[in-house]
Amino acid sequence: LLTVGDLMHSGSGNPVVKGTATVTEALFVITDKGLGAVSVVDENGIMIGLLTDGDIRRGLAKGLDFLQGSVTELMTKNPQYISREKLAAQALHIMESHRPKPITVLPVVDEGRHVVGLLHMTDLVRQGVV
């Protein structure tokens, strides 16, 4: 059975920024990694939030000033997450059952909530989990 660890983007493929980053800096990382989101971590690599391209698009409705602001002002605090040992099917369930609407990315963390990867819905689709 496939686990989250088998499918997640890790190492250099894992989009992560520190909470001190600007929204613009995060946008460059999101674009570079191509997963539509970036995990936001503190100075110890512990997850403090998730910033998606959708968050940025919604921010654009308010003007451009936020682009120079901190990612912490725009990110989702306490986002859903999963550990690498969990089954891919469990990740799918978390993503599909999220309310108010399903989510397409899920940060992967270790026991200490250090971000170790990012799982995208397309990874599940490619492997036939969906």
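Is Leu92 buried or exposed? I looked this up in a predicted model. Leu92 has a relative accessible area of 10%. Buried means under 20%, so I noted Leu92 as buried.

**Entry: helix α4**

I placed Leu92 in helix α4, which runs over residues 88-97. I then listed the buried residues of this helix and found Ala88, Ala91, Leu92 and Met95. Looking down the axis of α4, I found these buried residues within an arc of 100°, so they line one face of the helix. The general rule I wrote beside this is that an α-helix has 3.6 residues a turn, so residues three or four places apart point the same way. Next I checked what covers the buried residues of α4, and the cover includes α1 (4-7), β5 (105-109), β6 (115-120) and α5 (121-126).

**Entry: contacts of Leu92**

I left aside the neighbours within four places in sequence. Leu92 is then in contact with Met121, Leu124, Val129 and Val130. For Leu124 I also looked up the spacing: Leu92 and Leu124 are 32 residues apart in sequence, and their C-alpha atoms are 7.4 Å apart in space.

**Entry: largest pocket**

I looked up the volume of the largest pocket and noted about 470 Å³. Its lining has 20 residues, and those nearest the centre are Thr52, Asp55, Arg58, Lys101 and Ile103. The elements that give two or more residues to this lining are β3 (47-52) and α3 (53-60). Of the elements, α3 gives the most, with five residues. I sorted the lining by class and recorded seven nonpolar, eight polar and five charged residues.

Terms used:
Residues numbered from 1 in each chain as written. Predicted model: local features only at pLDDT ≥ 70, side-chain atom pairs only at ≥ 80, totals over all residues. Heavy atoms only, no water. Buried < 20%, exposed > 50% of the residue type's maximum accessible area, 1.4 Å probe, protein only. Helix = DSSP H or I, 4+ residues; strand = E, 2+ residues; numbered from the N terminus. Arc of directions from axis to C-beta. Contact = heavy atoms within 4.5 Å. 1 Å grid on protein atoms, 1.4 Å probe; cavity = no way out; pocket = protein on both sides within 12 Å on 5 of 7 lines; lining within 4 Å. Points joined across faces, edges and corners; volume = space filled by probe spheres on them. Nonpolar A, V, L, I, M, F, W, Y, C, P; charged D, E, K, R; others polar.
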